[in-house]
Structure formats: C-alpha cells, structure tokens
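Please read the following note with the model open beside it. Each numbered point takes up one part of the structure.

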Amino acid sequence: MFDMSLARRLLVRQHFLSDCFVRAASNAARLKYDVVVVGGGHAGTEAAAAAARTGAETLLITQKIQTIGALSCNPSLGGVGKGQLVREVDALDGLMGRAGDRAGIHFSILNRSKGPAVWGPRAQIDRGCYREFIQSELLNMPRLTVIEGSVEDLLLSAADPEQPGKHKVTGVRMANGGGEILSGSIILTTGTFLSGSLFMGQTTSPGGRMGDPPSCAGLSHCLREVLGLKVGRLRTGTPPRLVKDTVDFSLTELHLPDSKPVPFSFVNKHTQCKPEEQLPCHLTYTTPGVDKVVRESLNVNSHIHQDTRGPRYCPSIESRVLRFPGRQHQVWLEPEGLTSDLVYPQGLSMTMPPELQLRLLREIPALRRVEIRMAGYGVQYDFVCPTQLFPWLQMKNVQGLFLAGQINGTTGYEEAAAQGLWAGVNAGRIALSLPPMSLSRTESYIGVLIDDLVGRGVTEPYRMFTSRAEFRTALRPDNADLRLTPRGFEEVGCVSWQRYQEAVRVSRGLGEALSALQSITLSSFQWREKLGHFSISETKSTLISGKEVLQYKDVSFDLLASAFPDILSPYLEFSERLKIEAVYQPHCEKQRQEMERMRKEESLALPQDIDYFSLPVSLSDEVREILDRARPSTLGAATRLPGITPAAIIHLLRFVTKVGVTTGEAAYMQVRGPKPDCWRGASVHERDREKATVVQS
Amino acid sequence: MFFVTGWRSALLINVTRLQVDYMFPVVFRKPFPFRRLCKSASSEDTIFALSSGQGRCGVAVVRVSGPASVDALRSMAGLTRRLPAPRTALLRRLLHPHSKELLDRGLVLWFPGPHSFTGEDSVEFHIHGGPAVINGILQALGSLPRLRPAEAGEFTRRAFHAGKLDLTEVEGMGDLIHAETEAQRRQALRQMAGDLGQLYNDWSLQLKQSLAHVEAFIDFSEGDLIEDGVLYEVDVAVSQLRVEVEKHLSDERKGERLRSGVQVVIAGSTNVGKSSLFNILCQRPAAIVSPVAGTTRDVVETPLDIGGFPVLLSDTAGLRDTCDCVEREGVHRARQTVEQADLTLVVIDTAQLPQDLLMVPGLLSRYLKMVLPNRKDEQCLLVLNKRDLLPKSHIAVIQRVLQQNPGLPPLSILSCHNKEGLEDFLTLLQDRIKTLCGDPLASSPSLTQTRHRTHLQKCVDALAQYYQYRDTDLALAAEGLRSGLTSLGRITGKVGAEEILDVIFRDFCIGK
C-alpha cells in the first residue's frame with residue numbers, strides 16, 4: 001500500500017506543475033478508496049488531508065483542480081473566534097494555518113486590548129498564493145489522490161442491521177459516464193452548490209459560485225428524495241470586486257498591519273511575508289446617497305425579497321440600510337493579493353443589478369470614479385439540517401456518509417475547515433474500523449461548533465463567535481496546541497510525529513517554567529527590592545510566589561527572568577505564553593469542575609431510537625416535542641436544548657443508566673469490534689518514515 | 001412530622017424544578033441494591049444540603065456528599081484522629097470550623113463511598129431541627145473549602161451516576177406537593193405566578209443585556225461600528241444591578257421566615273404560666289403544667305399556624321438561679337432559645353406586680369432586661385398572666401400608666417385560667433408575626449430560599465469581577481458577568497449563548 005502511494009506521489013511531483021489533469025486521469029483508474037471526499041473547498045481539502053493523515057487511502061473529487069483552495073469571498077482568514085478555529089485546525093495538523101502563514105499579506109491580532117482569550121489572529125490573504133499552497137500540499141500528500149469530475153449520485157446498499165441508520169453508502173457514481181468509485185466512507189463538502197442559485201438584480205441562474213458550472217442536481221435529489229434528509233435553504237452574498245487603480249485611497253483612513261506579524265501555525269516561527277512587505281487596508285464609510293440607491297433598487301432586487309434566512313452578522317448593504325437606516329456603515333477596502341489589481345470592499349455585499357451597484361459605489365467619495373471588475377451577487381443554497389448528524393459528522397440515518405462545511409448550514413472558511421478536518425478524521429477512522437471520536441465543548445472551539453450544529457441545528461448561517469464558547473478563558477488561541485495536538489497524535493492519529501514532539505516540548509517547557517516560578521517565593525518587600533517599583537499591595541505579609549507576581553499587570557516574564565536569570569532564562573522563548581498562563585490559570589481552575597460535569601454528561605449517550613412520546617416517565621408534552629425534534633446524541637446535548645428542565649434531565653438519566661453508560665463512540669465500537677492497538681503509533685511512524693524517504697529522494 | 005411535610009411542600013411548589021434535592025433524600029432513605037454503572041465522581045466538588053424537610057422537626061438531617069465530606073466531618077465534629085465506624089451513629093459536639101463556636105450536639109454518620117446514597121463519600125449530620133441550628137450548620141459547611149450548597153437535582157444526579165436510584169419511585173413525589181398553611185400557599189402562588197421570579201427575571205434580562213453588549217464589544221468592535229460608549233452604559237447598569245441585589249439580600253430574612261416558620265419563644269420566671277400559655281396556643285396539653293416552680297426543664301417545641309403564618313412555638317424553663325443541675329441546663333437552653341428567637345413572649349405574673357402601680361413600668365423594664373439581655377423591641381411582646389387574680393380597676397390603671405411610658409413593648413393582660421384577654425393577645429401576636437414575615441401580598445417580593453440567597457450572593461461577587469478586570473482584560477470581565485448571569489440562571493433558568501447573540505443582533509448593526 002505504501003509503495004503504491006509513494007509511487008503515485010513521485011508521479012505527482014513530476015506532473016504537478018506541468019499538467020495536473022494528466023495526473024488526475026491516471027489516478028482515476030483505481031476504483032476503490034477508503035474515503036472519498038466530494039468537493040475541494042476549505043472543508044473538502046481539510047477533510048481529504050485529514051483522512052489521509054489518519055492512514056486511509058483517500059480520493060478527493062473536485063470540479064476543477066484549479067479552484068482547490070480558492071477563497072470564494074473575502075480575501076482574509078481568521079478574526080475573533082475564527083482565529084481560534086484556525087489555530088485549532090493547525091494544532092490538529094490541518095492545512096489552513098500554514099497556508100495562511102504562506103499567503104498572508106497583512107497580519108494583525110484583533111482585540112489586542114481585550115485579553116488574550118479573545119485575541120483574534122487575522123490576516124489578509126493573497127488569493128493566488130493561498131490556492132497554490134493548498135494545491136501543492138494536497139497533490140503531494142501520501143495516500144491522497146485528486147481527480148476532476150462531478151458526482152452524480154451516491155451508491156447505496158442495505159444498512160448494516162447492527163448499526164444505527166437506514167441506509168449505507170458504498171460509493172459514488174460519476175457524472176458523464178465517469179463510472180463508479182467504491183468507498184464505505186464518503187464526505188460531502190459541496191458548499192453552496194446543493195441546489196444553488198445565483199441572484200443579481202432580477203436575474204437568477206443555477207450555480208454555487210459565479211464562474212463555475214452548477215452541479216449536484218443528482219446529489220440533491222439523492223439526499224432529499226432517496227435518503228429522505230431534512231433540508232433547509234439559506235442565502236449569502238458577496239460584494240463586487242473593484243479595480244484598484246480607480247479607487248482614491250487618499251480619501252480613506254489607512255490601517256496598517258502589526259509590525260511584528262504573528263503566524264497562525266504553531267510550527268511557524270515567522271510568516272512568509274516580511275513585516276515591511278505587508279500591505280495596508282483602508283477604511284471608508286457609506287453616505288446618505290448609498291441609502292438612497294438601496295431604496296431605489298428594492299423593486300429590482302429579487303434576492304432580498306426572498307424569505308430565505310441570511311446571516312445577521314454579515315448582512316448585505318441592502319439589509320444593513322433597511323435595518324439601521326440613516327447610519328454610516330463601515331466599508332473596508334482590502335487588498336486581494338501582493339500583485340493583484342483588485343480591491344475587495346468588505347461590507348458592501350449586494351445583489352442589485354450591476355448598473356445600480358456601480359451607482360451605489362460611486363456615492364462613496366473614495367469610490368467616485370470606481371470601476372467594477374466583477375459585480376456582487378447573492379447565492380441561495382440548500383443545507384442539510386445538521387441535527388441529523390452525529391457529533392462525528394456522520395449522518396445518523398446513513399452509514400458511512402459524512403457532511404462538512406456550508407452544507408451543514410455554516411458560513412466562513414474557518415468553520416468549514418474545522419468541520420472538514422473532523423469529518424475527515426472520522427471518515428478515515430471508520431474506514432479503518434476504528435471507533436469514531438467527538439471533540440468536547442470543553443476542549444475546543446471545533447467541539448463547540450459541532451455540538452451547536454448537531455445539538456441545536458441552524459436557523460441562519462452559523463458563524464463562530466467567542467461568546468459561543470462557555471469556557472472561553474480556557475480555549476485560547478495561544479494554547480490550542482496544548483489542548484489538541486497531544487490528543488491528535490495519541491488518540492486521534494491525525495498529527496505528525498514532529499508536531500507532536502514540538503507540542504510535548506512546549507508543554508514540558510511551560511510546565512517547568514511555571515513550577516520554577518512557583519518555587520520562587522519572596523515577601524512583597526523583597527519583590528519590590530528585586531523588581532523595582534510596581535504596585536504590589538503593601539499589606540500582604542505572606543510570601544508571594546513568582547507565579548502570583550506574574551499575574552500583576554506591570555510584571556512581564558522577561559522582567560522576572562532578568563531578576564532570576566539562573567532559574568528562568570531557559571524559558572524566555574515562552575515569555576508571552578507564561579504571562580497568559582499565570583493570569584488565566586486561577587480562572588480556568590474555577591471552571592474546571594463545571595467542565596468536568598459537562599464532559600461527563602457528554603459521555604452519556606441517548607439512544608437514537610428512543611420514542612420520546614411514549615417514554616414512560618413524567619415529561620411534559622412540550623419537553624417531549626423538543627427532544628423528539630432535536631434527538632440529542634448525549635445527555636449533555638440535551639441539557640443545552642432550550643426549554644429542557646433539570647427535572648427532564650433527571651428523568652432522561654434513567655434511560656441512560658438503563659441502556660448502560662456508554663459513549664456513542666463506544667457503542668459504535670462494540671458493534672464494529674476494536675482494531676488492534678498497535679495501529680495508532682505504527683501508522684504515524686510509517687508515515688513519517690515514508691515522508692523522510694520522499695524528502696531524500 | 002405532618003406539619004413539616006406541609007412546609008416543605010410549599011417550598012416544592014415555589015421552585016418545583018430547582019428544589020428536587022431537598023425532597024429526594026427523605027423519600028429514598030431505604031437502601032437500594034448496589035449496582036455501579038459508572039465510575040464514581042471523585043473529581044467533583046463536595047455538596048451539602050438539608051435533606052430533611054425545611055422547618056420544625058425534632059431532628060434535621062444535613063447531608064454532605066463528595067470527596068471533601070471526610071474533611072467536613074473531621075472539622076465539624078472535631079474528629080482529628082479516627083473516623084467513626086462506617087454507617088454507625090456517633091454523638092458529637094458540632095463546632096464551627098473557624099470560630100469554634102458550639103453549633104449543636106448531634107449524631108454524625110460516616111458513609112464511605114460507594115456504600116452511600118450517592119455512591120460517593122458521604123456524611124450525615126443529625127441535628128436539632130431549629131432554623132438557627134440548621135442555618136448555623138449549613139453556613140459552617142459553606143465556609144469550608146471545596147464545599148458548596150447542592151444544585152438542583154444534584155444529589156439525585158450523583159446517585160444516578162453511581163447507579164443507585166430508580167426513578168419510578170420518584171414519580172410518586174408529586175402527591176406530596178401541596179401547601180399547608182394559607183400564607184405559604186399565597187407566597188407559593190405568588191412565586192409561581194412569578195413575582196419573585198419576575199424580579200429575578202428582570203435582573204437576568206438586565207444582566208443579559210449588559211453581557212451581550214460586552215460580548216458585542218469583544219466579538220465585533222474591531223472593524224464594526226460599536227461605540228466605546230457601550231461599555232460605559234454597561235458600567236452603569238452593572239453597578240445599579242449590584243446595588244439592587246445587595247439591597248434585596250439584606251431584607252432581614254422575611255421570606256425565609258415565612259417559608260421555614262417564625263420562631264416564637266415563651267420565656268419568663270418560673271411559675272408565671274408559660275406552659276399554660278403554650279398549651280392554650282397549641283390547643284392541647286403539650287407541656288406539663290403544675291403549681292411547682294421549675295416544672296418545665298427542657299425546651300418544648302410545636303409547630304403552629306397562627307393567622308396563616310407558620311410558627312414554631314417553644315416553651316422554655318423558667319429563668320432562675322438554681323442548684324439543680326438538670327434545671328440549670330434547662331435555664332441555659334431557655335436562654336439559648338431566646339437568643340435565637342424571632343419573637344419572645346415575655347410572661348409575667350400579676351402577683352409579681354408592685355403595690356404601687358406607678359412602679360409597674362420600672363419593674364417591667366428590669367424584668368425584660370433579665371429575660372432578654374439584648375432586647376430589641378420588635379422582638380418581644382409582654383404578657384401579663386393571671387389577670388383573673390387582678391382587680392378590674394387595676395387593669396385600667398396599668399394600661400394608663402403604660403401608655404405614658406412608650407419605651408416598653410406592647411403588653412397584653414390575659415388569663416390562661418379563664419381565657420380573658422386572650423382574643424386581644426392573639427390579634428396582637430398575629431400582627432407581630434405578619435410584620436416579621438412580611439405580607440406576601442404586599443410590597444416587594446422577599447427572599448424565600450437560602451439557596452436563592454447563596455446564588456444571589458454569588459452573583460454579586462461575580463459582578464465585582466467585572467470591575468476588577470474591566471480595564472485590563474475584557475474577556476475576564478465578561479466572565480464575571482457571565483458567571484453572575486449563571487448564578488441568576490440557577491434560580492430562573494438557563495441563559496444560552498444564542499440568547500446573548502439575539503440581543504447583540506437586535507441592538508447593533510454588525511457589518512463584517
């Protein structure tokens with residue numbers, strides 16, 4: 001198996017830059033894969049890469065290899081909440097963080113002044129560069145094959161009676177007579193292409209992204225009619241792209257990036273782009289003229305007349321003006337790349353006819369003479385109600401079918417990537433007869449994201465915010481590696497040996513440094529002597545440890561290290577992280593019990609076939625209805641449903657105990673039977689050996 | 001016990017959902033077949049709660065469960081070396097762990113896990129049933145590290161986790177729920193209709209809005225138009241809220257009194273007719289009455305319904321110096337009971353009155369000082385017994401003299417013998433009890449649950465964290481608001497992240 005993939009990999013290296021297509025065709029010959037990923041967006045790419053990392057032979061099917069890794073909307077990555085997701089994807093060895101470091105052209109940490117738990121690492125991205133990086137990573141990845149094509153239908157068979165679900169996928173049928181490809185684990189990441197239609201003014205055309213052919217008609221039919229999945233409809237939009245030379249930047253506010261760009265990835269010490277080479281962003285505002293054009297355009301703007309739910313936080317300029325009339329709205333003019341001649345006007349997504357778009361733009365002083373390269377448009381698309389998924393992103397109803405990304409009702413590259421990665425991991429695991437795994441809300445934003453999706457469903461495109469994470473102070477961007485990388489290697493099997501080693505080294509270093517700090521205890525008087533003037537409370541008569549002193553606002557680790565160079569200077573590389581750890585540890589400690597309670601409840605599975613209406617316990621009809629609708633996978637998920645009372649939870653506990661206390665994954669495991677223990681470590685080592693060979697060659 | 005059940009049931013109505021734990025232990029005292037389905041929760045914190053009914057009962061049971069139970073047992077019962085044999089009662093003096101003040105003498109039982117109700121290490125304190133004792137014990141437990149009051153359903157939940165409970169037996173519980181006394185019923189109704197709930201909900205809403213604004217500032221302020229003024233508004237709202245909750249917390253325990261009963265104590269010298277009054281009030285010969293001074297040795301208690309309010313009436317030994325060691329203990333207890341009373345009926349015998357009726361006020365003052373060294377006027381009523389032995393003309397004179405001496409508490413002149421003056425006394429007593437409880441239908445709703453008090457206090461503390469971090473770390477400041485909201489939510493119901501986001505999107509134009 002490894003010989004084969006090595007051979008293919010070398011083949012890929014030869015052909016990649018010259019002719020992707022040839023290479024793709026040559027690989028399509030293989031007709032059976034462990035995992036098949038449909039779609040090459042952010043979810044699909046992470047899914048394919050993650051499945052391959054777990055050791056599964058993986059096939060990625062995309063319409064055009066060229067558009068793999070395309071940023072279809074805004075040319076930026078990260079932000080508040082989203083930055084945390086990028087960090088977590090990176091901590092699990094995903095592609096997104098490293099791609100951002102390679103392609104970023106304007107790095108800044110948002111929320112710098114608001115506390116490290118809510119810092120939002122963000123970057124403007126060079127679209128071309130990002131795409132290139134993702135493509136080269138995927139096309140060079142062992143055990144991963146990429147082909148171009150359209151999937152027309154899913155191949156189904158009778159369900160395995162010993163597992164939950166009515167159907168079972170066995171493969172995909174390619175469109176245009178492309179034949180069948182067999183696989184027991186299929187991940188759909190079709191984004192906005194599921195019954196997608198594009199809106200501009202009063203014209204509507206089928207499709208998921210401007211410039212790409214519509215697809216998935218067959219898939220849509222299969223999901224809805226054959227598999228009987230509950231489907232909803234959402235909308236989104238994108239602004240027009242402007243010609244850079246026609247923008248008068250002198251009428252805008254200049255926004256400079258951070259002078260010391262901080263990379264997304266834990267394995268990168270610095271970003272590809274040099275600090276001084278970064279590009280600025282520009283800020284301008286809407287005018288009353290913009291409001292006027294919006295109101296005039298209403299009768300020729302069919303997108304906004306639709307009932308379909310759009311996002312409240314990323315609204316089109318039309319809905320912003322209608323909801324909050326008479327206000328100035330911000331418009332960010334963002335670079336599209338180092339050499340690009342385009343500008344992306346963040347905040348001006350619109351769906352009115354192109355001539356009105358131009359009129360609207362020109363109401364803004366800095367855009368008085370602007371030209372549009374590509375007009376803005378709206379998209380409406382089907383999503384599959386995500387409450388039909390297990391927390392490992394497999395359909396409850398269909399064995400072997402995984403969904404990730406916008407198809408689950410989310411919005412945003414980062415949200416898609418996070419789901420893709422986790423779906424990939426689990427598809428890979430199931431293909432290898434390993435039990436699926438889920439991430440807890442208490443350990444990651446990815447866990448929060450997936451739990452919200454599968455537990456509550458969506459009514460509007462779901463986007464990550466820090467306020468969604470109840471344990472925000474513990475789930476910080478700075479510690480994603482400590483939270484996820486060790487588990488990613490030891491349990492999940494999706495993290496490389498090198499990255500694991502680095503995480504272990506960092507974790508050990510931080511631990512040692514903290515105990516070294518703890519071991520330094522002085523009186524407040526002595527501390528003042530050592531450190532000079534700082535506001536330590538006079539009255540404190542007891543001894544104060546270095547760790548406590550580090551909690552003081554004006555004390556940095558560097559300052560302490562200069563006072564105790566022998567003890568602390570070995571840890572200077574962790575300076576910033578130590579400061580954060582010292583400040584946050586007491587707060588995280590306070591939350592620990594609550595986290596454990598949640599983890600415990602998350603580990604109690606509720607059987608999927610409970611008939612809540614005939615359950616012989618005292619539950620109100622209202623509660624029964626809520627439970628029936630949501631079908632929570634675990635007791636923890638049930639407690640988070642709005643309208644569920646503590647009494648109802650106690651009653652549900654009875655069932656959990658009756659059925660036996662097992663996690664969903666464990667239940668799955670019982671059915672499938674465990675895989676030999678040696679798998680995890682072995683495959684990673686083999687993979688690394690393989691990598692080493694390739695590098696030498 | 002029947003009466004106690006009634007009080008507890010009112011409490012169940014008040015907060016039916018949240019209160020489950022207080023009743024379960026009573027019902028599930030019988031042992032369950034041991035089957036452990038999941039590992040015991042050794043990492044959890046330790047919880048405690050009054051497991052018997054809240055109210056008058058001879059013995060109250062306070063249950064502690066969790067890894068720190070053993071520490072609680074050691075420090076409260078002064079067991080420094082050996083623990084008692086498992087599941088064996090041991091009589092100990094129970095001391096406050098910090099002040100070393102004697103709280104009660106009672107039985108302690110040690111249930112090492114898994115052979116306990118919850119499957120965890122547990123301790124039971126069987127103590128005297130008065131609210132002062134119970135509150136004293138609960139407060140003492142709360143002052144220990146790693147111990148906190150139990151949450152809704154928590155004992156039960158833990159018992160479930162340990163595979164110790166079968167829920168079918170829970171379901172008969174509903175029958176127990178009915179209000180005993182009229183006033184409790186009214187307060188229960190009021191709470192259900194949501195007066196208190198409304199107040200807490202309003203606070204919850206205010207806090208939710210403040211939190212949402214801080215969250216908006218965190219999640220959206222960069223690159224969006226959320227003005228810094230938003231935080232200033234939050235500062236104002238949070239500080240107002242803090243003041244309001246603190247004020248509510250200092251309502252002198254009116255509501256709690258209504259729920260657990262007003263402690264009324266009859267006290268006075270020997271042989272003035274305290275036990276006679278006691279028997280009249282409880283309408284049965286509950287205490288022995290004899291012409292011999294010092295008949296009553298111990299404190300005799302009975303729960304009563306006076307004008308719709310729950311009352312725990314205590315008869316005490318007559319106060320006098322004595323060489324009889326049993327009686328001396330009785331006097332000591334009488335003094336203790338008086339100390340803890342909400343209302344003391346100070347009984348005096350007409351025979352003790354001076355010849356010169358103008359001297360009556362002076363005598364009464366001295367007498368009051370003897371019975372109640374730390375007297376507060378609103379805490380006592382004077383009862384002049386044996387009216388039948390007093391000439392009618394004297395009564396009028398005494399009343400006139402007392403009118404000219406407003407410094408004394410109200411005086412009732414009655415006869416336990418022929419019931420004369422009893423009607424007036426009962427009206428006076430009822431008015432006083434009503435004042436102590438607060439009329440559940442008037443003014444602002446008062447605090448009825450010790451648990452509410454705990455959560456409100458936590459909320460106030462959490463709000464302080466907001467100010468502590470407001471300028472340095474907004475994430476930690478928001479955490480303060482969030483845990484404040486969680487504390488309020490423990491009383492009113494949960495507030496989820498979605499609701500916070502709803503407020504954000506309602507109040508702000510988020511454009512990114």
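The points below treat the basis of the model, then a helix, a sheet, a helix pair, a strand pair and the cysteines.

1. This is a predicted model, in which local features need pLDDT of at least 70, side-chain atom pairs count only at pLDDT 80 or more, and totals for chains, interfaces and linings use all residues. Residues are numbered from 1 along each chain as its sequence is written, chains are lettered from A and ligands numbered from 1 in the order in which they are written, and side-chain values use heavy atoms, with hydrogens and water left out.

2. Helices (DSSP runs of H or I, at least four residues) and strands (runs of E, at least two) are numbered from the N terminus. Helix α3 (residues 42-53) of chain A has 12 residues and spans 16 Å from its first C-alpha to its last, close to the expected 16 Å; the expected span is 1.5 Å times one less than the number of residues. Because 12 of the 12 residues of α3(A) are buried, the helix is largely enclosed by the rest of the structure. Buried means under 20% relative accessible area, exposed over 50%, and partly exposed in between (1.4 Å probe, protein chains only). A:Gly55, with a positive phi near 110°, follows α3(A).

3. An open sheet of chain A has three strands in the order β3-β5-β4, with antiparallel pairing. Strands β3 (76-78) and β4 (104-110) of chain A are at the edges, each with a single partner strand, so one side of each lacks a neighbour in the sheet. Strands pair if DSSP finds at least two bridges between them; β3(A) and β5(A) (residues 120-125) share three. A:Gly78 lies opposite A:Arg122 in β5(A).

4. Helices α4 (residues 82-91) and α13 (residues 480-492) of chain A have axes that come within 8 Å and cross at roughly 35°. Axes are lines fitted to C-alpha atoms, for helices over the stretch in contact, and angles run from 0 to 180 degrees between N-to-C directions.

5. Strand β2 (residues 58-62) of chain A runs parallel to β6(A), and five bridges join them. A:Leu60 has A:Val146 in β6(A) as its bridge partner. Four of the five residues of β6(A) (residues 144-148) are buried.

6. How many disulfides are there over all chains? The count is zero, where a disulfide is a pair of cysteine sulfur atoms within 2.5 Å. The sulfur of B:Cys282 is 11 Å from the closest cysteine sulfur, in B:Cys416, which is too far for a bond. B:Cys282 counts as buried because its relative accessibility is 9%.
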